[in-house]
Amino acid sequence: MKGSHKLRQAIDSLYAGGQATAEAYLPLVLECLRVNDVGQAKRLQSHMDRHCFTPGDTFLHNRLLHLYARFGKISDARNLFDKMPQRDIISWNTVLSVYAKSGSVENLRALFDQMPSRDSVSYNTVIAGLVGRGFSSEALEVFLRMNRDGFEPTEYTLVSALNACSRLSDLRKGKQIHGRVYIGCLGRNVFVSNALIDMYAKCGEIDRARWLFDRTDNKNVVSWNSLIAGYLKNGQPKKCIDLFQEMQVAGFKPDDVTVSNVLGGYFQSGLVEEASKVFSMIKKKDKVSWTTMIVGYVQNGKEEDALNLFSKMLAEGVKPDGFTFSSVISSCARLAYLCNGQVAHGKAILLGVDNDLLVSSALVDMYCKCGITKDASVVFDTMSSRNVVSWNAMIRGYAQNGQDLEALALYEKLLQEKLKPDNFTFVAVLSACNHAGLIEEGRGYFDSISKRHALVPTLDHYACMINLLGRSGCMREAMDLIRNMPHEPNSLIWSTLLSVCAMKDDIEYAEMAAKRLFELEPLNAGPYIMLSNMYATRGRWEDVASVRSLMKSKNVKKFAAYSWIEIDNEVHKFVAEDATHPQTEIIYEGLSRLIKKLQEAGFMPDTKLVLHNVVEEEKFASICYHSEKLALAFGLIKKPHGTTPIRIMKNIRVCGDCHQFMKLVSRIIGRSIILRDSNRFHHFVDGSCSCKDYW
């Protein structure tokens, strides 16, 4: 502070005295540099301009330029540069550095082209500036120009050029630059070595990266991080973890980058607990480590853990970014936790990231997967920018929620906006046609994938068409499509066919599809259960026993069906005939009253859907206490007078009896119900369902 005060006084004296000489200006300019006082430097320049001072060389002006560059004062630097009566290479390079640091790429390139002469610093500044702003191809063009102009690349040049190759995954050019490293004997420079390790790792040559790493004598933390990240990128998480342990044994202290990559390695390996242990040992957790953990939990199906960790992150005062929010909101979408999703939306608004493309697209998806397409549409319509992912989320959301015509109308609007649909777009569009039974439209959209949009139909598209054709009664056409498709039919194709056969009661094709699935996915219980159920509806109990015996011999485990409902931010889960809930007695009493009320209106449980060889009384008890009915009864008990819909989620498809039950409840009780099963949403309102009973 004393230095700055004295400097100000000295410049005040200069102003009081009028015109000054170079000898008077020099110590003041140097003092401005020493104390980093840009304001006083500008006063000095103003004094020079006022008195038309012309220095005998470039030294004084270059010192001022250097100070402006240090603090990123672009306009001040350019203003001085344009006024300078004479300039040297240092003047030009200093202004280049200002543009490079600020990311002003157009000005950087224009000034570089205007230079009367250049040196290696000029080239290095431009190459590094271009790479730093993502203009890697342009950076390599300047690198080639540098060679043509006869300048020998320095280690700084080579590091920037190798970074450009890494970002472009251009292995061929990277190897050429490696040759220059060898010729110039720069391979022992740790920065060059690290750039080479990183380049080979990011270009898929991980063994070559390891070879270089092992021969690097003066390794630093960046060397280890480059290879650890390389193993992670190349799908070798175990080697990533092993190298992390080697790093610690070698006496190197991991930094935030190391930890983030190693957490990713544990999550890629499915070692969630180990990742949690590493995370707990971090003393100062930054945004990257918190986000890596949240994303890892989501990727490993631990959505509830992700939401709990997000709450802790906020409590610790760490500010989430758009990527964090998109992961958290995606967790809410998968679990259909509307309240948590709404809280995350509110936090995103408070932190000003709700307009982030990742966040807003995730919000559209979340509201759709919670059955609230109206709110999803509001978010979608107010987005400042949209990409095909945003459009897909909204189109798919409409289709899943029974608003098929809205989905198709939005697709047409996408085309009007001159956006190119992708494979996911057509899965959503064909699903809308499937749910609405629009067979001709579906055929047209399917044909347009290749003919109009130059895409190759995927197995997902074929599965949609098989579903549409089969459900529309065109089973032969569906089979022809399977036989003639260019892909080898996979489990998706055969499971789709089996599902259609179950709906249409086509045992011949069902047996064929099930046989293929037994070969492709021998431990998947679904096909066994579906075929067994079809035999049971025919009373073919010996065949039922045969399928169950096959399951037992292969040790196939049947997954549990369950439903859940969110009440006052708390999630309650139920299985069929559940007796574990603290309020079990009240729930069963409420459900019994509800069933009695429906029976008085003419409803009788469809015991034919109980596919077990048991007496009628047992069938009645089994069908009446399915998990979604228990969840509904609990929801009505806890919120008897609410106006908002009762929202229930189920991990498998709803059965026909429960579907009919929900329809009648919505009419007789006068309460809307939203049920999300593994296939789609069912919006029950006044005795009707959004699926139009086409589920």
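This is a predicted model: local features need pLDDT of at least 70, side-chain atom pairs count only at pLDDT 80 or more; totals for chains, interfaces and linings use all residues.

Student: In which sense do strand 1 and strand 2 pair, and over how many bridges?

Tutor: Strand 1 and strand 2 pair in the antiparallel sense, over 6 bridges. The rule for pairing is at least two bridges found by DSSP between two strands. Strands here are DSSP runs of E with at least two residues, helices are runs of H or I with at least four, and both are numbered from the N terminus.

Student: What lies between strand 1 and strand 2?

Tutor: A turn of 2 residues, so the two strands form a hairpin. Asp568 in that turn has a positive phi of about 50°.

Student: What makes strand 1 "largely enclosed"?

Tutor: Buried means under 20% relative accessible area, exposed means over 50%, and partly exposed is in between (1.4 Å probe, protein chains only). In strand 1 (residues 562-567), 5 of the 6 residues are buried, so the rest of the structure largely encloses the strand.

Student: What is the strand order in the sheet?

Tutor: The order is 2-1-3-4-5-6, in an open sheet of 6 strands with mixed pairing. Strand 2 (570-575) and strand 6 (688-689) are the edges: each has a single partner strand, so one side of each lacks a neighbour in the sheet.

Student: How do you know that strand 5 and strand 6 pair?

Tutor: Strand 5 (residues 681-685) is joined to strand 6 by 2 bridges, and the two run antiparallel. That meets the requirement of at least two. Val685 stands opposite Ser688 in strand 6.

Student: Why is helix 6 called largely enclosed?

Tutor: Because 10 of its 14 residues are buried. Among them are Trp92, Val95, Leu96 and Tyr99. Their cover includes helix 4 (59-70), helix 5 (74-83), helix 7 (105-114) and helix 8 (120-132). Contact here means heavy atoms within 4.5 Å.

Student: What makes Asp88 a cap?

Tutor: A side-chain oxygen of Asp88 lies 3.1 Å from the backbone nitrogen of Ile90, at the N-terminal end of helix 6. Gly103 follows the helix, with a positive phi near 80°.

Student: Why is Lys238 with Asp242 called a salt bridge?

Tutor: The rule asks for a side-chain nitrogen of Lys or Arg within 4 Å of a carboxyl oxygen of Asp or Glu. The closest N and O atoms of Lys238 and Asp242 are 3.1 Å apart, so the pair qualifies. The two residues are 4 apart in helix 15 (residues 237-249), which means about one helical turn between them. Lys238 is exposed at 59% relative accessibility, whereas Asp242 is partly exposed at 29%.

Student: How many salt bridges does that rule give?

Tutor: The count comes to 25. Arg443 and Glu477 form one, at 2.6 Å from N to O. Arg443 lies in helix 27 (residues 439-451) and Glu477 in helix 29 (residues 475-484), so the pair ties together parts 34 residues apart in sequence. Arg443 is partly exposed at 23%, and Glu477 is partly exposed at 31%.

Student: Which residues are linked in a network of salt bridges?

Tutor: Arg210, Asp214 and Glu246.

Technical notes:
Residues are numbered from 1 along each chain as its sequence is written. Side-chain values use heavy atoms; hydrogens and water are left out. A polar contact is a pair of N or O atoms within 3.5 Å; within protein, one must be able to donate a hydrogen and the other to accept it, and residues adjacent in sequence count only if both atoms are side-chain atoms.
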